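Please open the structure in a viewer and keep the selection tool at hand.

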Amino acid sequence: MSEQTNPIISFKNFSFQYRAQKKPTLHDINLDIYPGERVLIAGPSGSGKSTLAACINGLNPFSTPGECTGSLTVDGVDAPNSSIFELSAHVGTVLQDPDGQFIGLTVGEDIAFALENSCVPQKEMHEITRHAAELVGIENRLDHAPHELSGGQKQRVSLAGVMVDQVKILLFDEPLASLDPATGKQAIELIDEIQHKTDTTVLIIEHRLEGVLWRNVDRIILVNEGTILADLRPDELLATHMLAENGIREPGLAFVVRACDYYQVSADYLLGRLTDRGTGQGASQGPDPAVMLTAADLLTQLCLDLCHRHPEFFI
């Protein structure tokens, strides 16, 4: 995360009520997100997490009418009094269904769509399009039609299409929804890689926590019934029962984190031990992303460490 003092997204006593509803969907939201952060916004269906995201990118209230109270600032822009067009220069949104985001007949045309709308000169347009395609690893398929791509490749195209505007904020609306677990991990790895290359702020709206946590996030924002219930680091949230209490399936890792907390054993220590065992590398060199560490791995190592440190537990 970049060392910044001013938030890039700031909600202050913010509420939103859809015109077709009798009461607000979001209630008194206070939330600051800082440049370079990667934040996971989680919650059950109907919790308000997608409404929160739609207020950030301008879909609410400009596409879906409603009333905003309080304040919301996005990259210095007064969002409720702005426009979708203005906010799109600051926030790039990748939808959960990539097919719904395709406009061009080919990958290249689709990535260049925003540039064409802005009347960017042809030579510059080709350069920007190729650069965006290279960032997401799709440069060899610029002439392909959308139906020739896999789900993961379509998602890469959608990501390239929003990156041509050099946005500071990337918003992913349930990026794992249409992907199998293996492709989902590749998508999370891609998001991680893009953020490191561009230093963007990343927001992920998702309920499949085990997939998103394949790579680090700075914070998890837990939303339900239109309010923020928790704003915690992943290890802090996983050490509680709040996810299960709010209808979200806990990743298997959550049990291990809680056990480590209870027995005062460091999860980072266990991860280092497993990395060393699996790759021959020390913990100081960091975990090898090619090594799959499961909850069972950590639980096994936890039991071994407890047996060594506290043999009385096993008598």
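A cavity is a set of grid points where a 1.4 Å probe fits but cannot get out, and its lining residues have an atom within 4 Å of a point. The model on display is predicted.

**First stop: the cavities**

Rolling a probe the size of a water molecule over the atoms shows where empty space is left. In this model the count comes to two cavities of 30 Å³ or more.

Begin with the second largest cavity, which holds about 40 Å³ of space. Helix α2 gives the most, with three residues. By class, the lining of the second largest cavity has nine nonpolar and two polar residues, and no charged ones.

Next, select Gln155, Leu159, Phe172, Ala187, Leu190 and Ile191, which line the largest cavity. The volume of the largest cavity is about 40 Å³. Helices α7 (151-163) and α8 (181-198) each supply at least two residues of its lining. The largest share, three residues, comes from α8. Five residues of the lining of the largest cavity are nonpolar, one is polar and none is charged.

**Second stop: the aromatic pairs**

A pair of aromatic rings is described by the distance of the centres and the angle of the planes. How many aromatic pairs does a search of the whole structure find? It finds two aromatic pairs. In one, the rings of Phe11 and Phe14 have centres 5.4 Å apart and planes at 70 degrees, so this pair is edge-to-face. Both Phe11 and Phe14 are buried.

Now select Phe16 and Tyr18. Their ring centres are 4.9 Å apart and their planes stand at 90 degrees, so this pair is also edge-to-face. Are these two residues buried or exposed? Phe16 is buried, because its relative accessible area is 0%, and Tyr18 counts as buried at 17% relative accessibility, since the cut-off for buried is under 20%.

Select strand β1, residues 9-18. Strand β1 belongs to an open sheet of four strands in the order β2-β1-β4-β5, with antiparallel pairing. The edge strands of this sheet are β2 and β5 (77-78), each of which pairs on one side only. Between β1 and β2, five bridges are found in the antiparallel sense. To see one place where these strands meet, select Ile9 together with Ile33, its bridge partner in β2.

Move on to Glu37, in the loop between β2 (26-33) and β3 (38-42). Glu37 counts as buried because its relative accessibility is 4%. Display its side chain together with the backbone of Tyr34: a polar atom of the Glu37 side chain lies 2.8 Å from the backbone nitrogen of Tyr34.

Which strands does β3 pair with here? Four bridges join β3 to β8 (residues 201-205), and the two strands run parallel. Select Leu40 and its bridge partner in β8, Ile204. Four bridges also join β3 to β9 (residues 219-224), again in parallel. In this pairing, Ile41 stands opposite Ile221 of β9.

Finish at Ser47, in the loop between β3 and helix α1 (49-57). With a relative accessibility of 1%, Ser47 counts as buried. Show the side chain of Ser47 and the backbone of Lys49: a polar atom of the Ser47 side chain lies 3.5 Å from the backbone nitrogen of Lys49.

Notes: Residues numbered from 1 in each chain as written. Predicted model: local features only at pLDDT ≥ 70, side-chain atom pairs only at ≥ 80, totals over all residues. Heavy atoms only, no water. Buried < 20%, exposed > 50% of the residue type's maximum accessible area, 1.4 Å probe, protein only. Polar contact = N/O pair within 3.5 Å; in protein donor to acceptor, adjacent residues only side chain to side chain. Phe/Tyr/Trp six-rings, centres within 6.5 Å; stacked < 30°, edge-to-face > 60°. 1 Å grid on protein atoms, 1.4 Å probe; cavity = no way out; pocket = protein on both sides within 12 Å on 5 of 7 lines; lining within 4 Å. Points joined across faces, edges and corners; volume = space filled by probe spheres on them. Nonpolar A, V, L, I, M, F, W, Y, C, P; charged D, E, K, R; others polar. Pairing = 2+ DSSP bridges.
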